[in-house]
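Visitor: Hi! Could you walk me through this model, chain by chain?

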Amino acid sequence: MKNIVIVTILISLALLGIIFSYVGNIIGDDMVNILSMLAAIIILVITVGVGLKYVNQMKNDKASGQLADENWDGIGEFKNELPIGWAVSFLTTIVWAIWYWFSGYPLWAYSQIGEYNEEVKTYNKKFEEKHANISDDELNNMGQSVFLVNCAPCHGVSADGMDSKAANLTKRLDSISVKHVIMNGSNDGLVGEGIAMPDRNGLININTGNSISDAEISLVVDYITNGFVGSQGAEVFAGVCSACHGTDGTGIPMVAPNIKNFTVDLITAVLQYGKTGAIGKMPSFKTEDMRLTATQQKAVATYIIKLQEGSK
Amino acid sequence: MFHWLEERPFFFAVGVFLTIAFAGLIEILPSFVEASRPTVGTKPYSTLELAGRNVYIADSCNACHSQLIRPFKNETDRYGMYSLSGEYAYDRPFLWGSKRTGPDLHRVGNYRTTDWHENHMWDPISVVPGSIMPAYKHMFSKSADLETAYAEAVTVNKVFNAPYNTAITMRDGSSVTVKLPATYDEAKADMLTEAKIIANSMKNQDVKDAVEKGEIPQIVALIAYLNILK
């Protein structure tokens, strides 16, 4: 035993000497280097010591205990008791396996979708908290960024509809749309209106008692798209349209929408349900399809209303 | 018994193999079967959509556009619900793509329309300023390969048992049947009906004329395909 200790110390010192001759000059007084060196010394001493112990044991130890009956090409097996530490860890693995099989894996396993759900939940909560009392300015800013990502591909960055590829949102209505609705009627019920707008045959001018004529259509289209100015158009509007859309065109709740200005209700309804108009079909940006949240829809509405006010 | 095995390395190895293979089988197979089953609302492609899908492949759209939305908030905000493996049940081959030079297209049918695609394929910069996507004007004059699409539909129907002519339950509870007529002529008539609906919402007169004449330009087939990606 004494020999092992002495040899261990000698070999460790020799190895340390070799290491030191290589890296001694860069150790300095850096704490990390000193600690690494200390760890190296401990590892060296333990390794050399344990190695020598086993070499010694192989040389001198005699096997003891009772041999089992079977042997494999001369290699036998002792019938010794299981060491207690070994037995305990074996039983622990069995208990752990039962826990892992019935609870650990099924209930606690990592799931990408689980992480995604957590992420969305946390974000939505933060979003709700942050924008619980959102101001008009903030809505407008949010609306602009939502618009640039979701609406600009069709309506254009400046919302002008890119040469009639989509509706021009800087105005409430353009002549194509007004004409299309007068000719074909409308029944989308977007703002909760209970009755459909009839096509041109059902639009009666109460002043003349006849359905609207081609000349009257072009007059009233000009009147509406030019911002409700002009006396001839105003007469036709009063006779045909005002009964439902109100004398000033701002609409009557549950009867007909505001055709003078955009309203929050109208825009959020169009975003939620989509719309088929004179130009084509606009897809919906439903909350349920994970497109826009209610706050984002309101923000877009605010942005578009401000945009229209700005261009007057 | 174990003693007998311990003395015979070959049979011992066979035993080890069987044990591990069995464990693998009961671990891997059920979840694999579960994941590859079509999700509710997934239906096989109609022949016109298949023709459009072949145009998509022929023009290598999948080199720049992926069709796989990963479950990250920043992706679902932009593209919609993350993709499920069962949604690709009738994709042969799948078109997940591996690089996004352009945006993901897995649910493009939810937020783009026929007329938008028409404008975009004709001149991408006219609707997306700064886009680097090339124009695909040849799709407006070349005709789609309808025979191949029909042959493909018949093949997947016979070989892989794709459920054509069978009522398929959709997510809202309604049921949809994707038709696959017994002859090519009937199939072509169906494709033309579908194509006419799309051509009606398009502006290009050449495309409208071609469909009137009984031909289907590639752009119509491609739009039919893009519109059902949702």
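**Two chains in conversation**

Guide: Let's begin with charge: chain A carries 22 positive and 31 negative side chains, and the centres of the two sets are 3 Å apart. Keep in mind that this is a predicted model.

Visitor: How many positive and negative side chains does chain B have, and how far apart are their centres?
Guide: Chain B has 23 positive and 26 negative side chains. The centres of those two sets lie 4 Å apart.

Visitor: Back to chain A, then. What does its secondary structure come to?
Guide: Chain A has 11 helices and 2 strands. Along the sequence the order is α-α-α-α-α-α-α-α-α-α-β-β-α. As for overall form, chain A has a radius of gyration of 42 Å, well over the 20 Å that the globule rule gives for 312 residues, so chain A is more spread out than a compact globule.

Visitor: What box do its C-alpha atoms fill?
Guide: Taken along the principal axes, the C-alpha atoms of chain A fill a box of roughly 125 × 60 × 35 Å.

Visitor: Which domains does the assignment give for chain A?
Guide: Domain 1 covers 1-56 and domain 2 covers 134-310. Their centres, taken over C-alpha atoms, are separated by 85 Å.

Visitor: Can we zoom in on one residue? Where is V48(A) found?
Guide: V48(A) sits in helix α2 of chain A, which spans residues 31-60.

Visitor: Is V48(A) buried or exposed, and why?
Guide: V48(A) is buried, because its relative accessible area is 13%, and buried means under 20%.

Visitor: Which residues does V48(A) touch?
Guide: Leaving aside residues up to four places away in sequence, V48(A) touches T8(A), I11(A), S12(A) and L15(A).

Visitor: What about contacts in chain A between residues 24 or more positions apart?
Guide: Counting contacts with a separation of 6 or more, such pairs account for 48% in chain A.

Visitor: Okay, chain B now. How do its elements run from the N terminus?
Guide: The pattern in chain B is α-α-α-α-α-α-α-α-β-β-α-α-α, with totals of 11 helices and 2 strands.

Visitor: What's the radius of gyration of chain B?
Guide: Chain B has 23 Å, whereas a compact globule of 230 residues would have a value near 17 Å. The box filled by the C-alpha atoms of chain B is roughly 85 × 45 × 35 Å along the principal axes.

Visitor: How is chain B divided into domains?
Guide: Domain 1 of chain B is 2-36 and domain 2 is 47-227. The C-alpha centres of these domains of chain B lie 44 Å apart.

Visitor: Last topic: burial, surface and contacts in chain B. What are the values?
Guide: Of the 230 residues of chain B, 43% count as buried. The accessible surface of chain B is about 12500 Å², and 62% of it belongs to carbon and sulfur atoms. Among contacts in chain B with a separation of 6 or more, 69% come from residues 24 or more positions apart.

Notes
Residues numbered from 1 in each chain as written. Chains lettered and ligands numbered in written order. Predicted model: local features only at pLDDT ≥ 70, side-chain atom pairs only at ≥ 80, totals over all residues. Heavy atoms only, no water. Helix = DSSP H or I, 4+ residues; strand = E, 2+ residues; numbered from the N terminus. Rg over C-alpha atoms; globule rule 2.2 N^0.38 Å. Buried < 20%, exposed > 50% of the residue type's maximum accessible area, 1.4 Å probe, protein only. Contact = heavy atoms within 4.5 Å. Areas by Shrake-Rupley, 256 points an atom, 1.4 Å probe, with all protein chains shown as cover. Lys, Arg positive; Asp, Glu negative; His and termini not counted. Charge placed at Lys NZ, Arg CZ, Asp CG, Glu CD. Domains from an automatic or database assignment.
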